Amino acid sequence: MEIRVATAADAQALAWLNATFNGVQMSPQRMAEQLARCSGIESALIAYHGDDAIGFACLRLIPWLCYDVMYAELTELFVVEAFRRRGVASALVARAERMARAAGATELRILTGRDNVAAQAFYQTLGYEDEDEMLMIRHL
């Protein structure tokens, strides 16, 4: 397995993975544009088994105005079903953690659904803990 930071050359594979995971249909060209647009803010990590894309994770790194560390958030994590329970997700998260630490972050935040018990259990096995915070949203 190889994990690397996605580039425009990975746009087709990343668009397919995102469509499979999130249901968002995006052309490879549009995905390449999104990768460029998010450069320096959010990076996609993509996992390959040979020539096959088997998973991805997205890491958002931004400075905080009131804190002297980087804000790091894992915004996406997906592994193709046939490759689950083989360490792909753990490897993607570990790579994101290393990148976050190297950028000056002291913690990695992850949002997941309250009803996504499997994801919560997975993150807990990696040492993640529930925080006493609540996400609030207002659609604009």
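Colleague: Let's start at His-49. Which residue in E3 does His-49 stand opposite?

Modeller: His-49 stands opposite Asp-52 in E3. Keep in mind that this is a predicted model.

Colleague: What makes E2 and E3 a pair of strands?

Modeller: Two strands pair if DSSP finds at least two bridges between them. E2 and E3 (residues 52–63) have 8 bridges, in the antiparallel sense, so by the cut-off of at least two they count as paired. They also form a hairpin, with 2 residues between them. Gly-50, in that turn, has a positive phi of about 65 degrees.

Colleague: And what does E2 have on the E1 side?

Modeller: E1 (residues 2–5) pairs with E2 over 4 bridges, again in the antiparallel sense. Ile-3 has Ala-47 as its bridge partner in E2, and Val-5 has Leu-45.

Colleague: Why is E2 called largely enclosed?

Modeller: Buried means under 20% relative accessible area. In E2 (residues 42–49), 6 of the 8 residues are buried, so the strand is largely enclosed by the rest of the structure.

Colleague: How do E3 and E4 pair?

Modeller: E3 and E4 pair in the antiparallel sense over 9 bridges, with Leu-77 in E4 as the bridge partner of Ala-57. These two strands form a hairpin as well, with 6 residues between them.

Colleague: Which residues have the most contacts inside the largest nonpolar core?

Modeller: Leu-14, Ile-46, Leu-74, Leu-77 and Leu-92 have the most contacts inside this core of 39 residues. Among the elements that give two or more residues to it are H1 (11–22), H2 (28–37), E4 (70–79), H3 (88–102) and H4 (117–125). E3 gives the most, with 7 residues. As for Leu-14, apart from its neighbours within four places in sequence, it is in contact with Ala-6, Met-31, Leu-35, Ala-44, Ile-46 and Phe-56. As a general point, nonpolar side chains in soluble globular proteins tend to be buried together.

Colleague: Why is the pair of Tyr-123 and Tyr-128 called edge-to-face?

Modeller: The structure holds 7 aromatic pairs. For Tyr-123 and Tyr-128, the ring centres are 6.1 Å apart and the planes are at 70 degrees, so the pair is edge-to-face. The cut-offs here are centres within 6.5 Å and planes over 60 degrees apart. Both tyrosines, Tyr-123 and Tyr-128, are buried. Elsewhere, ring pairs link Phe-21, Phe-56 and Phe-78 into a cluster.

Colleague: How do you know that Cys-38 is in no disulfide?

Modeller: A disulfide needs two cysteine sulfur atoms within 2.5 Å, and by this rule the count comes to 0. For Cys-38, the nearest cysteine sulfur is that of Cys-58, 8.3 Å away. Cys-38 has a relative accessible area of 22%, so it is partly exposed. Cys-66, at 67%, counts as exposed.

Colleague: One last stop: what makes the phi of Arg-85 worth a remark?

Modeller: Arg-85 has a positive phi of about 65 degrees although it is not a glycine. Most residues other than glycine have a negative phi. Arg-85 sits in the loop between E4 and H3. Its relative accessible area is 86%, so Arg-85 is exposed.

Methods. Residues are numbered from 1 along each chain as its sequence is written. This is a predicted model: local features need pLDDT of at least 70, side-chain atom pairs count only at pLDDT 80 or more; totals for chains, interfaces and linings use all residues. Side-chain values use heavy atoms; hydrogens and water are left out. Buried means under 20% relative accessible area, exposed over 50%, partly exposed in between (1.4 Å probe, protein chains only). Rings of Phe, Tyr and Trp (its six-membered ring) pair if their centres lie within 6.5 Å; planes under 30 degrees apart count as stacked, over 60 as edge-to-face and the rest as tilted. A nonpolar core is a set of buried Ala, Val, Leu, Ile, Met, Phe, Trp, Tyr and Cys residues joined through side-chain atoms within 4.5 Å. Contact means heavy atoms within 4.5 Å.
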